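Student: I am new to this structure and would be grateful for a close look at a single part of it. Please set that part in the context of the whole protein.

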Amino acid sequence: MFSSAWNFIKRHKRKFIFTGAVLGGVYFLGKYAQKKISELQEKEASEYISQARRQLHFESNQRTCNLTVLSMLPALKEAIVAQLNSEGLTALLKTKPANKVEIWEDLKIISFSRTIVAVYSTCLLLVLLRVQLNIIGGYLYLDNSVGKNAATPLTPPDVQQQYLSSIQHLLGDGELLTTDLMTQLIPLVSLKQSLSLLELEQQLSWIRAEVESSERPLSWYMLADDQDALSDQACGLTEDDVMTIRLLKETRDMLDSPDFSSALTACLNRGFSRLLDNLAEFFRPPPGDSAPNPLGQVIPIINGQVNIICSDTPSHFVQDLLLNDQVKDFSAIVYETFSTPQELQK
């Protein structure tokens, strides 16, 4: 029996060798495939965890942006009221001066100016902070990523402070926005006329068209050329100054992008729409009376809107801006840009 089996094996030796080789190859291929599948699964799991961490960090960063905007609105309101002080004119009118008409004309211009400047400035502040804090947030995410050398942070605390201080150009040093805007308000409706809500909307649309079609883009009012001033110091620059210049240049690039223009336009559209909503109830005539309001009655209402627009409590006006979808999408673009390692962007 053993002899017969041996003869059978000898006769079919090549088949046995071939079959063994095939089975061995299949075994090793199977092990190799298992290893590659395991590596792929681990890579996918790692990427998923990394993406989840980045998403959580992004959402936390947006909450920081919102709180920062609210915290800065009182300072913005203070700057606007200081530049466009109507309280002195109101006090003068109470003394029944001989030049009452001229004072009313001045009050009209200042009241409309401070309200329109408040809408523009709040929108500019909100979008600028979204850019700055998402640039910093992106770099902080990279600093905290696995494998990043924490000894060389991309944005040290001192650099962050120096960089964010550039917001003062808009908060305190941006009087040019007020000056430029007031030149557009000179042909505003006469004091002798009545004013309906529709006519007010048309006036605001005309003013916006003039302001936003100017040769000077709105981004010009948002950021001073601090990087040029720092660069002029040349050899006297510190490492922090160099980092700050880089951040300011990156911010300027974002402000010059089409995505920024779209987000700011969406923010302004919502802001002026909410302003008209706020004013609508004051233009609603009593039952049986369809006559438009005299402008003299409208001016005090317009004058007080700065307190609603620049409120540090979450008013409907501010909430509408903070929750605007295009602003949120733009924030995601900024964060994505600066939270992605440079080698992956190439």
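**A helix pair and its surroundings**

Tutor: The model under discussion is a predicted one. Alanine 82 has a relative accessible area of 59%; because residues over 50% count as exposed, alanine 82 is classed as exposed. Its C-alpha is 10.0 Å from the C-alpha of arginine 114, although 32 residues separate alanine 82 and arginine 114 in sequence.

The part to examine closely is the meeting of helix α4, residues 100-143, with helix α8, residues 197-212. The axes of these two helices come within 12 Å and cross at roughly 60°. That angle makes α4 oblique to α8, because the range counted as roughly perpendicular begins at 65 degrees and the roughly parallel range lies under 35. The crossing in which α4 passes α8 is right-handed.

Which residues meet where α4 and α8 are in contact? From α4 come Phe112, Ile116 and Tyr120. From α8 come Leu200, Leu204, Ile207, Arg208, Val211 and Glu212.

Glutamate 281 is situated in helix α11, which spans residues 258-283. With a relative accessible area of 51%, glutamate 281 is exposed. In sequence, glutamate 281 stands 84 residues from leucine 197, yet their C-alpha atoms are 9.7 Å apart in space.

Serine 331, by contrast, is buried, its relative accessible area being 0%. This serine belongs to helix α15, residues 325-339. Leaving aside residues up to four places away in sequence, serine 331 touches Phe58, Gln62, Arg130 and Asn134.

Finally, the whole protein may be considered. Its secondary structure consists of 16 helices and two strands. Of its 346 residues, 40% count as buried. The accessible surface amounts to about 19500 Å², and carbon and sulfur atoms account for 58% of that area. Among contacts with a separation of 6 or more, 84% are between residues 24 or more positions apart.

Terms used
Residues numbered from 1 in each chain as written. Predicted model: local features only at pLDDT ≥ 70, side-chain atom pairs only at ≥ 80, totals over all residues. Heavy atoms only, no water. Axes fitted to C-alpha atoms, helices over the stretch in contact; angles between N-to-C directions. Helix = DSSP H or I, 4+ residues; strand = E, 2+ residues; numbered from the N terminus. Parallel < 35°, antiparallel > 145°, perpendicular 65-115°, else oblique. Left-handed = near helix turned anticlockwise from the far one by under 90°. Contact = heavy atoms within 4.5 Å. Buried < 20%, exposed > 50% of the residue type's maximum accessible area, 1.4 Å probe, protein only. Areas by Shrake-Rupley, 256 points an atom, 1.4 Å probe, with all protein chains shown as cover.
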